[in-house]
Amino acid sequence: MQIVKTTENSMSSESMFSALTEDLLIRINDKLHDESDRKKWRLVCKEFLRVDLLTRKTLRVLRVEFLLPLLHKYHNIDTLDLSVCPRIDDGTVALLLSRDYGGWARRLVSLNLSRATGLRFSGLEILIRACPSLERIDVSYCCWFRDREAAAISCAVGLKELTMDKCLGVSDVGLAKIAVGCGRLEKLSLKWCMEISDLAIDLLCKKCLRIKHLDLSYLKVTSESLRSIASLPKLEVLAMVGCPLVDDVGFQFLENACPSLQEIDVARCDYLGSTGLLSLIKGHSGLRQIRAAYCFSGISPAFLDYVKDLKNLTKIVINGARVSDAIFHNISSYCRSLSEIGLSKCIGVTDTGIATLVSGCVNLKNLNLTCCYSITDAAISAIACSCKLLVCLKLEACNMLTEKGFEQLGSNCILLEELDLTDCGGLNDRGLECLSRCSRLISLKLGLCTNISDKGLSYIASHCPKLHELDLYRCSGIGDNGLAALSSGCKKLRMLNLSYCNLITDNGLKCLSFLEELTDLELRSLDKITGVGLTFIAKCKRLSDLDVKHCVKIDDSGFWTLAYYSQNLRQINLSNCSISDMALCMIMGNLTRLQDAKLVHLNNVTVEGFELALRASCVRIKKVKLAAALRFILSSEILEILHSRDCTVRWD
């Protein structure tokens, strides 16, 4: 939807839209899903702004200083997202609750505190107790959370969904508190909570019988946890990725249990074999998704028999397994509802097998053939002719593909939104011209495709206006003209990788400065760009992740501008750059949202410069990468300060 402002000489916007009823305006507002469109809507007139204030349910705050005014404006929010607001702490919480405008806390249903840097158990408990309607909490990547913080979460007695990924300090004691206090839990994710063992999982399964979704990925639990999980009557989704201590014996506990099970993810479980996979399938004919990537070397003949019962299967991922044409025949014959299949790095994938597969699975939307080196244009032709609904196709390192295959894709798979052609040496400008017919493309990966140039890129830019992500890593034929075409045709571009595209100069970066939605930009080893080019990039107001490693010609003038204008930067890589003490201090001190900085081999920065820069940013920085030699030179005081602030220091 395009919203046009009236000029001074035309009818005022208030008058123009006065005939629209509030109900109609609310319905129009509900159709605006893109944030940029919502922003334009609010700016049209006061009435549109009023409708937005009235109807907005979700608030995502970028800076803590904006939080109070926004809560004062938006009275009906039920979802508060503070995941990109790094300075939220106990004091902020106390201030918020002392000025509870319109009772926002009492209406809050969902709270996202992912990566909260300063919040501890006292502030967390006060906040949760003030929000009696809370049903969803996300505290993922709060690596410093301990059992006391888990106890604070247990105060949310109505909690249904809890995400605690990488809460490294939470142990069995903390999870026990949650299990006892939050008996209504339906969805729980504990990925990377390394201190949790079978003991707590057993208590959880006894106290929280409503659990439908459970993620225990990367935990050191054993097969005993699977014995406990087997008692969950409503379990629908189970994820146990990378659990090295579970084996086939453990998965046998699930064979005749968990009757509602629909999705399983057991990728990278080293001791899971075909026997364990069969145990998961037996008695679960309602399975919809199976993800068993990199678990076993081959699929047994028994699997071919049991797959016949999986009539509702929509997704199967068996990356890394040895397959055969017979497996594809069975899947094609019996799994007609299949919409996604992952065959990355599978041994035995042939043109014949793929043709057999797609002949029956015509509803495929997502197909991963990464590193299936043997497939040729014949397989692509079969895919293009049978899978007209294809949305995502991954063909990384499929080097036997040529123009003929890409022409088939461009002619038949016009619904494609995600296409990965990384390291496809047969792709050239003519191939890009054919693929440009896929005008719905959102993500396109062309890294290491050395035979494409600005000409080919201009075809994509002219016909794919929805493009959000573009990877041109080491595409040596791409230069300023290609970037000019992108800036003109792909206005929604957010993520762009130009590393090692050595033809690019400051003029190319000037073109990129017109991309208003650009958030992630990689410019590694561009030896022709200078401080002038970086000054242009600083104008990209939404830029949050910038990599200029080995851009040796950028001087302090560019870094000064960056420090002044790029206030939304959260991650930056300055390694091997010619930055000085003063410029580094400005970058680290002035960028108030910066959380991750890579500062390796800055030869023009002194030890004192590093000390000052780290002191200037220690309140908010969460990760910093430094040269190994600095470990023995930096003062113990600054290292202790960083440690006390839960900052992870990595040494290169």
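1. Start with the pair Lys191 and Asp165. In this predicted model, their side chains form a salt bridge, with N and O 3.9 Å apart. Lys191 sits in the loop between strand S6 (187–189) and helix H11 (198–207). Asp165 sits in the loop between strand S5 (161–163) and helix H10 (172–181). The bridge therefore ties together parts that are 26 residues apart in sequence.

2. The two partners differ in cover. Lys191 is partly exposed, at 23% relative accessible area. Asp165 is buried, at 7%. The cut-off for buried is under 20%.

3. The whole structure holds 17 salt bridges. An α-helix has 3.6 residues a turn, so residues three or four places apart point the same way. Glu224 is partly exposed at 39% relative accessible area. Arg227 is also partly exposed, at 44%.

4. Another salt bridge links the side chains of Asp596 and Lys598, at 4.0 Å from N to O. Asp596 is buried, with 10% relative accessibility. Lys598 is partly exposed, with a relative accessible area of 24%.

5. Now the surface charge. A positive patch gathers Lys160, Arg184, Arg210, Lys212 and Lys234. Take Lys234 as one of its members. Lys234 lies in the loop between helix H12 (223–229) and strand S8 (237–239). Its relative accessible area is 42%, which makes Lys234 partly exposed. Patch residues need over 30% relative accessible area and no salt bridge.

6. Which residues of helix H21 (residues 454–463) are buried? They are Asp454, Gly456, Leu457, Ile460 and Ala461. These residues cover an arc of only 160 degrees around the axis, so they lie on the same side of H21. On the other side of H21, Lys455 and Ser462 are exposed.

7. Last, Ser443. This residue is in strand S16 (residues 443–445). Is Ser443 buried or exposed? At 7% relative accessibility, Ser443 counts as buried. Ser443 also pairs up in space with a residue from another stretch of the chain: Glu417 is 26 residues away in sequence, and the C-alpha atoms are 6.3 Å apart.

Terms used
Residues numbered from 1 in each chain as written. Predicted model: local features only at pLDDT ≥ 70, side-chain atom pairs only at ≥ 80, totals over all residues. Heavy atoms only, no water. Patch = residues over 30% accessible without salt bridge, like charges linked within 9 Å, V, L, I, M, F, W, Y side chains within 5 Å. Areas by Shrake-Rupley, 256 points an atom, 1.4 Å probe, with all protein chains shown as cover. Lys, Arg positive; Asp, Glu negative; His and termini not counted. Charge placed at Lys NZ, Arg CZ, Asp CG, Glu CD. Helix = DSSP H or I, 4+ residues; strand = E, 2+ residues; numbered from the N terminus. Buried < 20%, exposed > 50% of the residue type's maximum accessible area, 1.4 Å probe, protein only. Arc of directions from axis to C-beta.
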